Amino acid sequence: MVRIPETRSAKLSRKALLTRKEQIGALLARLRRSEDELQAVRRPDQLDHAADLEAYDVLQALQSAEAIDLAEVEAALQRISMGTYGECERCSGVVGEQRLWAVPQARFCMGCAAVR
Ligand SMILES: [Zn+2]
């Protein structure tokens, strides 16, 4: 296997992405715990129960959003190891260091991101 040398942005981004991955993992674990706690008790009062159901929906939505984020972060880490990090997935152009600095999991250059 040919080892592709990592670019400077890839090095910087890997660190940021790994930190983000850890944060998302911790957050997902907290959200799951809260969900388990909610499910463990069915409060007899109708209003309380309705509030719990609403809270449950919010927890589910947050978990979905974080899972999508996590998938983006993992995909970016994979692009780093494949040597394609920083390459726009739409036009194959350069995503740009500043954009990667701001959004390390960015898959598209500014132009293509704007089109989408
Ligand atoms: Zn592009």
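In this predicted model, α1 and α2 cross with a left-handed sense. Two packed helices are described by the angle between their axes and the distance between the axes. For α1 and α2, the axes come within 9 Å and cross at roughly 155°; since an angle over 145 degrees counts as roughly antiparallel, the two helices are therefore roughly antiparallel to each other. The residues in the contact of α1 with α2 divide by class as follows.

| Class in the contact of α1 with α2 | Number of residues |
|---|---|
| Nonpolar | 18 residues |
| Polar | five residues |

The largest nonpolar core has 17 residues, and the members that touch the most others in it are Leu-17, Tyr-85 and Cys-88. Two elements, α1 (8–40) and α2 (46–82), each give two or more residues to this core, and α2 supplies its largest share, five residues. As a general background, nonpolar side chains tend to be buried together in soluble globular proteins.

Which residues does Cys-88 touch, not counting those up to four places away in sequence? On that basis, Cys-88 is in contact with Gly-93, Val-95, Arg-107, Phe-108, Cys-109 and Cys-112.

Gly-83 belongs to the loop between α2 and α3 (97–102). Along the chain, Gly-83 and Leu-59 are 24 residues apart, and their C-alpha atoms are separated by 36 Å.

Methods: Residues are numbered from 1 along each chain as its sequence is written. This is a predicted model: local features need pLDDT of at least 70, side-chain atom pairs count only at pLDDT 80 or more; totals for chains, interfaces and linings use all residues. Side-chain values use heavy atoms; hydrogens and water are left out. A nonpolar core is a set of buried Ala, Val, Leu, Ile, Met, Phe, Trp, Tyr and Cys residues joined through side-chain atoms within 4.5 Å. Buried means under 20% relative accessible area, exposed over 50%, partly exposed in between (1.4 Å probe, protein chains only). Helices (H or I, at least four residues) and strands (E, at least two) are DSSP runs, numbered from the N terminus. Contact means heavy atoms within 4.5 Å. Axes are lines fitted to C-alpha atoms, for helices over the stretch in contact, and angles run from 0 to 180 degrees between N-to-C directions. Angles under 35 degrees count as roughly parallel, over 145 as roughly antiparallel, 65 to 115 as roughly perpendicular and the rest as oblique. A crossing is left-handed if the near helix is turned anticlockwise from the far one by less than a right angle, and right-handed if clockwise. Ala, Val, Leu, Ile, Met, Phe, Trp, Tyr, Cys and Pro count as nonpolar, Asp, Glu, Lys and Arg as charged, and the others, Gly among them, as polar.
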